[in-house]
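Dear colleague,

Please find the structure below, handed over to you together with its sequence.

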Amino acid sequence: MAQGSVKVTHTGTSRWRLRAGERTGEYDSLAAALEAAADGDVLSVAPGTYRENVVLARAVTLRGGEGRPGSVRIAPTEGVAVTVRASATLQDVCIEGHDAAAPALLVEEGRPVLSGLRVVTRSAAGIEVRGGARPTVRACTVDNPAGVGISVQDGAGGVFEDCEVVAAGQSGVAVGGGAAPRLERCRVHHARGAGLSLTGEGSTLEAVGCEVYEIRGAGVQVAERAAGRLTDCRVHRTSGDGVTLDTDAVLELADCAIHDVPENAVDLRSRSVLRMTRSAVRRFGRNGLSVWDPGTRVEAAQCEIHDSTGDYPAVWVSDGAGAGLVSCRVHDVPDALFVLDRGSSAEVTDSDLSRVRGTAVSVSGGAAAALEDCRIREAATGVWFRGHGSGGRVAGCAIDATSTGVIVSKGADPVVERCTVTSPREAGFYVSAEGRGTFDGCRVTGSAGYGFHVIDGCRSTLTDCRTERCARGGYEFAEDGVVREGCTSDDEVRAAAPVPVVQTAAAPARPAAVPGPRPATAETEAADGAAVRPAAAVLGELDALVGLESVKREVRALTDMIEVGRRRQEAGLKAASVRRHLVFTGSPGTGKTTVARLYGEILAALGVLERGHLVEVSRVDLVGEHIGSTALRTQEAFDRARGGVLFIDEAYALCPEDAGRDFGREAIDTLVKLMEDHRDEVVVIVAGYTAEMERFLTVNPGVASRFSRTITFGDYAPQELLRIVRQQAEEHEYRIGEEAAEALLRYFTDLPKGPAFGNGRTARQTFEAMVERHAGRVAQLPAPSTEDLTLLYAQDLPELP
């Protein structure tokens, strides 16, 4: 038949009329009209319902007639509603399938064009493409609450543009058997399986500008050696993982967004590979990236992971998997990156990790991590290495506003080079429990605790390190064992004697550049074989402290009770039971740690404690990150304090108000039991801000009952702060002139008393700043006199912040 216009109209007698050029014929069915049409003919269908199984076997055009959309319905009672076996065109038709075992629309061959179709069915698939078919599908919708929305199988392909799967009882789009479709600007939602499912070797999927949401399973699922690429796509509001990869799957994500996912945003297993660029992951309930198993790896560049809604690390790498992050941002998460288990590794370069409620980077179980030129801000712990075999390299990183910058414990042995830790609340670098570590060219500035704190005889190596303005000292080594070369500190003026240092064979002995010796505590005296000081001598040191009059009265009253009770027992009389555990409340820098140390010595002098030594810990020493580890760490800290005092600073941090899944409460529960079981062996003192400590005492029914009294440490008055500065000056052979003393009083009166105000620490820092400004002034004099070298003037005071 010559090419022409074929018009099919519906009549009351259910007969069909075919007009082609000059010829006219009547046919009993639409199938007969299709049979009579030739390639290139156009069949225009009038509105109505046609209960026929339509087969397009020629390159014709079948389109709905004029009228409202969906007015032409092809709805047979069984079998495939429409089958396409040629490069035909089908448009503006509603296709309804009523056979659960057959697809509503089946494309088997050719390169047909399907546009404006609405497929409504409850069958195996809404649209199924198989074999050598390569359709172009435009602006079509599929509603199939019983099966797959769109299925592309057996080597088929095709392009789907501006299509929508509005409901699917299984996967929204399923690709398998080596098929390779492309989706452009498509929407898939309200599927009960995966939004996009890609399975089988040779199967590929490319999606551009697509959106997958309201999915009852995973948003995107790639498995069994399939490969996919998503560009400028969004996956959100799923009930399962956002994206899953399993068994040698490969996926590329570029300029994509995955968000509002209650489980893992992306989960990879079994040698799968993910490459992400310029993509964002946010508001996820478990891990942002979860990477498991040997050979599995994720590579992320210029990506952002943020705003976790759960209590899990943003990036989790374990069981021998690997991860690489380049120029990425991870923020507002419980923990940023966890690398666990031998064989697991992570490389992070030029990335920002910030606003992390727990640990920014944790490396454990023999894993390794390499961080270079990264920035870590506002985290409880910056980088934590723990476990024998755990290690790696941290180079050129800046760590700011953490509780502790870097922790090395339990046999870990990393290399840390050219890193700067600024304003840590507890320590810049902390090494404990057989941790080692090599620290080269590192710097700690403005620590509220120590710069480098190495305990338990750990054998770390420090080379060319520097500390500045560390409140408790630049370097604190509990025992011999640290190898240190070329290290300096700005508080060397406070040093009365060097800390013992182990020298290497290649390095000549040199004085240790550290802030001074440890305080003479009962612990150090016992270690050195010295006798415990008499109670009167310790009480005399307590009385010599600046201010703290109410604290001194409380401590004396308590020790008097204990002493009289001891004497009554010796006389055979009943003695009142005195609970020796205490709560210290007040601002930082008010002498709580010093009084705790003296209290332990007093109890040792009275024979109540065996040694009286002080073991100071905080949340970082007690709370682990895995089930069971917190109880073990708390037990270890308690055991170290046997015979002395366990001092827990900022104890309220064990029960944060927004705790969620937090192991701090496990530490409290363990501590309460230990205090009861070993009531005569250890004295526990908890300390912190007044309001926060009131909350701490209510977290566990047994907490308040374990402590006998609360002692409040008031802030120092300006006159008392001046006395501390005078003491510092006298100790270091400086003098405070009268004009400078008056200026100091005004300075301390006007100084803002915000949360960062450190009381006694502020006084010491003020003196250090005066010494520094004095040095800058006197260095300009050609021949300074002794008075020039010792007298501090008002002009040496730092400016008010």
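**What was found**

R73 counts as partly exposed, because its relative accessibility is 25%. Please keep in mind while reading that this is a predicted model. The side chain of R73 meets that of E96 in a salt bridge, with 2.7 Å from N to O. The two residues bring together distant parts of the chain, since R73 belongs to strand β8 (residues 72-74) and E96 to strand β11 (residues 94-97), 23 residues apart. E96, at 13% relative accessibility, counts as buried, because buried means under 20% relative accessible area.

Another salt bridge is formed by the side chains of R418 and E417, at 3.9 Å from N to O. Here R418 is partly exposed, with a relative accessible area of 45%, whereas E417 is buried, with a relative accessible area of 19%. You will also find a network of salt bridges that links D162, R182, E184, R185 and E206.

Next, the nonpolar cores. The largest nonpolar core has 131 residues, and those with the most contacts inside it are I95, L274, L371 and F439. Strand β44 (residues 352-364) gives the largest share of this core, namely five residues. If you select L371 and leave out residues up to four places away in sequence, you will see that L371 touches V348, V361, I376, V383, R393, V394, A395 and C397. There is also a second, separate core of 50 residues, which includes I562, I602, A729 and L792.

W292 lies in strand β36 (residues 289-292) and W316 in strand β39 (residues 313-318), 24 residues apart, so that the pair links distant parts of the chain. W292 counts as partly exposed at 22% relative accessibility, while W316 counts as buried at 17%. The rings of F439 and F452 form an edge-to-face pair, because their planes stand at 75°, with their centres 6.1 Å apart. F439 is found in strand β52 (residues 438-440) and F452 in strand β54 (residues 450-454), 13 residues apart, and this pair again links distant parts of the chain. F439 is buried, with a relative accessible area of 1%, and F452 likewise counts as buried at 1% relative accessibility. F429, F439, F452, Y475 and F477 form one aromatic cluster.

How many disulfides does the count come to? The count comes to zero disulfides. C303 is in no disulfide, and the nearest cysteine sulfur, that of C328, is 4.8 Å away. C303 is buried, with a relative accessible area of 5%. The sulfur of C419 has its closest cysteine sulfur in C397, and the distance of 4.6 Å is too far for a bond, because a disulfide needs two cysteine sulfur atoms within 2.5 Å. C419 counts as buried, at 0% relative accessibility.

Finally, please look at T121, which is found in strand β14 (residues 118-121). Is T121 buried or exposed? T121 is buried, with a relative accessible area of 4%. The side chain of T121 is joined to that of S123 by a polar contact of 2.7 Å. Leaving aside neighbours within four places in sequence, T121 is in contact with G97, A104, G126, D143, N144 and P145.

With kind regards

Terms used. Residues are numbered from 1 along each chain as its sequence is written. This is a predicted model: local features need pLDDT of at least 70, side-chain atom pairs count only at pLDDT 80 or more; totals for chains, interfaces and linings use all residues. Side-chain values use heavy atoms; hydrogens and water are left out. Helices (H or I, at least four residues) and strands (E, at least two) are DSSP runs, numbered from the N terminus. Buried means under 20% relative accessible area, exposed over 50%, partly exposed in between (1.4 Å probe, protein chains only). A polar contact is a pair of N or O atoms within 3.5 Å; within protein, one must be able to donate a hydrogen and the other to accept it, and residues adjacent in sequence count only if both atoms are side-chain atoms. Contact means heavy atoms within 4.5 Å. A salt bridge is a side-chain nitrogen of Lys or Arg within 4 Å of a carboxyl oxygen of Asp or Glu. A nonpolar core is a set of buried Ala, Val, Leu, Ile, Met, Phe, Trp, Tyr and Cys residues joined through side-chain atoms within 4.5 Å. Rings of Phe, Tyr and Trp (its six-membered ring) pair if their centres lie within 6.5 Å; planes under 30 degrees apart count as stacked, over 60 as edge-to-face and the rest as tilted.
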